[in-house]
Amino acid sequence: MLQEGRGAHMTSTQKIYWHTTVQMPDDSNLTPLPETVDVAVIGGGYTGLSAARTLAKHGVRVAVLEANTIGWGASSRNGGMVLTGLKLGMQTVMKRYGRDIAKRLFQCSLDAIDTVEQIVGEENIHCGFARYGHLLTANKPRHYAALKEEVEFMEREFGHRLNLIQPGVQHSEIGSDMYHGALLDECSGGLNPAQYVAGLARAAEKAGASLHGRARVLRLERNGNRFLVETEQGPLSAGSVLVATSGYTGRVTKKLQKKIIPIGSFIIATEKLPNDLAKELIPNGRMIFDSKHYLNYFRLWDHRMIFGGRAAFFPETSSTIQRSAEILRREMIQVYPQLKDARVEYVWGGTLDFAFDMMTHVGQIDGLYYSLGYAGHGVAMATYLGKTVAESMLKGTIKEHPFNLFPFPAAPLRLYDGFPWFLPFAGAWHKVLDWVE
Ligand SMILES: Cc1cc2nc3c(=O)[nH]c(=O)nc-3n(C[C@H](O)[C@H](O)[C@H](O)COP(=O)(O)OP(=O)(O)OC[C@H]3O[C@@H](n4cnc5c(N)ncnc54)[C@H](O)[C@@H]3O)c2cc1C
């Protein structure tokens, strides 16, 4: 769909740019559903495919059931940043859950990046994965003071080395005058998310998993010690079920839907920029995000600026996407006035999954396994948790999983039924916080 935006530089196609870089799995060749499997995985993104690959490698009969086409969800739409840590800062995590759990969770985040690197290598997935490092830029001088503290904290508590980039020398990392210094973590990486999820799907299939697009799960029923899974393509019987539906979690798993808030995130991609300009904007190819609540994240891919943010809080629709294109272009030019004449060629959106405590959660509810709540931090983590939840399913040790050592909260006062009516207020609140903090 071509949408004419305002101004000569806003002729953007509502299309996911990443999908133009790879042959995504489609529905031209649908495999018939098996009647019986050991494990049915609901959702064909990183979580589901990574779990399926691991299970199949252990000889488990596993089917991935995807409502749309394999890789359709956040996994082929994201910014491709493969980040250390969690959505919540580790200081907060340590205050909430104590030193021991915080250390285990942080180590998981490092292992998660190693897992992506290992899978990409083992399965020969061409997705441009490299350890580009990430830059967290300070929007205000006092944010820079907080980054200094963070560097000391991470070194002291986790032995994790971060670098401070002083405001005076930040042009060596970012060609913008908008920020007041930055923090650099060289451990993080970047990749092309659609190429990665397409490769992960091939790897899961090669291991023996069967993948089924257009197989939306409509109903789940406990049948003795098995599950009857009703899908658009007919029923199947499964020994276990793993819910891997992230921001698209729906009524079929109502108890989980009530614990997850779906939030829209949007991205624009510019035309290809001249080499010198691209080099000036992000000299070392870092993955970048800023210190606002209503944050922006950006990076380069193939000389295009890929610039994202939570321009509208509600999940993607044609109108939230188009409005976001205009907002994001304005924000991009604030960061990089050099891009005022760059054409925005693509705009798209996707849905994030936030738990009420902003943490990622794995475990079992009514006998169903789940891994959810990545809060925009799921490229590495969903891959890793797909794998490790699958391993826990095999060993019967899900209770001991580090992401199952703390409670998965319901909505405060239980005022939430799966429709996020409060998002406009939350969006406005974040804008106020960005103004005062
Ligand atoms: C715009 C955007 C930018 C992001 N940027 C980054 C980033 O730079 N770095 C980062 O780490 N993370 C980022 N994320 C988050 C990351 O993409 C996700 O955390 C990750 O992809 C989650 O993977 P998943 O497999 O759990 O879910 P998804 O990939 O969302 O897959 C879930 C699937 O479940 C399917 N489904 C739902 N209900 C049913 C049903 N009833 N039956 C069958 N199938 C069903 C959906 O169709 C969907 O395909 C971003 C997300 C978005 C949207």
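Methionine 358 sits in the loop between β18 (344–355) and β19 (361–365); helices here (H or I, at least four residues) and strands (E, at least two) are DSSP runs, numbered from the N terminus. Its phi is near 60°, a positive value in a residue other than glycine. Methionine 358 is partly exposed, with a relative accessible area of 32%. On this scale, buried means under 20% relative accessible area, exposed means over 50%, and partly exposed lies in between (1.4 Å probe, protein chains only). The model is a predicted one, in which local features need pLDDT of at least 70 and side-chain atom pairs count only at pLDDT 80 or more, while totals for chains, interfaces and linings use all residues. Residues are numbered from 1 along each chain as its sequence is written, and side-chain values use heavy atoms, with hydrogens and water left out.

Aspartate 366 isn't a glycine either, yet its phi is positive, at about 50°.

Now for helix α2, which covers residues 90–97 and has Met90, Val93, Met94 and Tyr97 as its buried residues. Looking down the axis of α2, these buried residues fall within an arc of 95°, so they line one face of the helix; the arc is that of the directions from the helix axis to the C-beta atoms. The buried residues of α2 pack against α3 (99–122) and α4 (141–158). Just after α2 comes glycine 98, with a positive phi of about 90°.

Two packed helices are described by the angle between their axes and the distance between the axes. The axes are lines fitted to C-alpha atoms, for helices over the stretch in contact, and the angles run from 0 to 180 degrees between N-to-C directions. For α2 and α3, the packing angle is about 140° and the axes are 7 Å apart. The two helices α2 and α3 are therefore oblique to each other (angles under 35 degrees count as roughly parallel, over 145 as roughly antiparallel, 65 to 115 as roughly perpendicular and the rest as oblique). On the α2 side, the contact (heavy atoms within 4.5 Å) is made by Met90, Val93, Met94 and Tyr97, and on the α3 side by Arg99, Ile101, Ala102, Leu105 and Phe106. Sorted by type, the residues of this contact of α2 with α3 are 8 nonpolar, no polar and 1 charged. In this sorting, Ala, Val, Leu, Ile, Met, Phe, Trp, Tyr, Cys and Pro count as nonpolar, Asp, Glu, Lys and Arg as charged, and the others, Gly among them, as polar.

With α4, the axis of α2 comes within 10 Å and crosses at roughly 55°. That makes α2 oblique to α4 as well. Here Met90, Gln91 and Met94 of α2 meet Glu149, Glu150, Phe153, Met154, Glu157 and Phe158 of α4. The residues of the contact of α2 with α4 divide into 5 nonpolar, 1 polar and 3 charged.

Elsewhere, glycine 250 lies in the loop between β13 (234–243) and α6 (254–257), and at 23% relative accessibility it counts as partly exposed. Glycine 250 and glycine 418 are 168 residues apart in sequence, but 7.8 Å apart in space, C-alpha to C-alpha.

Glutamate 280 belongs to helix α7 (residues 275–281) and is partly exposed, with a relative accessible area of 40%. Leaving out residues up to four places away in sequence, glutamate 280 touches Ile174, Gly175 and Gln338. Glutamate 280 and histidine 401 are 121 residues apart in sequence and 44 Å apart in space, C-alpha to C-alpha.
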